[in-house]
Amino acid sequence: MGGLGSEGTPAVEARSGAVTSVDLSGQPEAIRVLVADDHVLFRRGLEMVLQAEEGIEVVGEAGDGVEALRRAEELLPDVILMDVRMPKQTGIEACLAIKESVPSSRIVMLTISDEESDLFEAIRAGANGYLLKDIPGEDIADGIRAVHTGQSLISPSMASKLLAEFAQISRREEQAPNPHAPKLTAREVEVLRLVARGLGNRDIGQQLFISENTVKNHVRNILEKLQLHTRMEAAMYAVRQNIIDPRQS
């Protein structure tokens, strides 16, 4: 049960293992978003789109990677939308630094780059999502909400490239499974295989006929067992260790 905090302090409500801040009226607090992109007109347009969305508040902006890190440390945003290619420090470099300095912030790379190398580097840097700028504004808003609840996002066209890379890794590393690799249950392997296809928790639950909350628990257990931070890192690790075969995904 959620309760009222001390005067002037938001209360905290817990539901199904997730903690959600609420204001004194009992309404969930808006998701606080930082926009980092070196194109001013794009930042302004994105801010206008997001400010019109219920439950989302743009709290700041940055024009390069160095400023993105500084603003993230100042504002402690819930979600950061960040371009890959920015001056002074790239979005990927900034992502690495922000994950170290402000680990509570979730980062979505929002970019025109459909290069596989940028996608893989973003995943290694700890990004929680990778979206292309050609998606509709409402999809960006939905993505912010999904990432805020703990999901990972990837544009469908990029997901296919990621699976192709998985297949190449598997072909290059035709070796026996590592005997020291963590043991996943059969259900966890099923969940991980669907994560590798880019499915969100709700879609995974529908395919496996289990609740969304059960999927979240499976994903949490998988990450703990593999000692990794993001869903995509877990999928890449699982392919390298032959825990899953992407050709069967």
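Leaving aside neighbours within four places in sequence, Met82 is in contact with Ala36, Ala68, Gly91, Ala94, Cys95, Ile98, Ile107, Val108, Met109 and Leu110, where contact means heavy atoms within 4.5 Å. This is a predicted model, in which local features need pLDDT of at least 70 and side-chain atom pairs count only at pLDDT 80 or more, while totals for chains, interfaces and linings use all residues. Residues are numbered from 1 along each chain as its sequence is written, and side-chain values use heavy atoms, with hydrogens and water left out.

Met82 also belongs to the largest nonpolar core, a set of 31 residues in which Ile80, Met82, Ile98, Ile107, Met109, Leu119 and Tyr130 touch the most other members. Such a core gathers buried Ala, Val, Leu, Ile, Met, Phe, Trp, Tyr and Cys residues joined through side-chain atoms within 4.5 Å. Buried stands for under 20% relative accessible area, exposed for over 50%, and partly exposed for the range in between (1.4 Å probe, protein chains only).

Let us step back to the whole chain. The protein chain holds 10 helices and 8 strands; these are DSSP runs numbered from the N terminus, helices being H or I with at least four residues and strands E with at least two. Of its 249 residues, 45% count as buried. Among contacts with a separation of 6 or more, 62% come from residues 24 or more positions apart.

Now to strand E3 (residues 31-36). Because 5 of its 6 residues are buried, E3 is largely enclosed by the rest of the structure.

Helix H3 (residues 91-101) has Gly91, Ile92, Ala94, Cys95 and Ile98 buried. These residues lie on the same side of H3, because they cover an arc of only 155 degrees around the axis, taken from the directions from the helix axis to the C-beta atoms. The buried residues of H3 pack against helix H2 (65-75), E5, strand E6 (106-111) and helix H4 (116-124).
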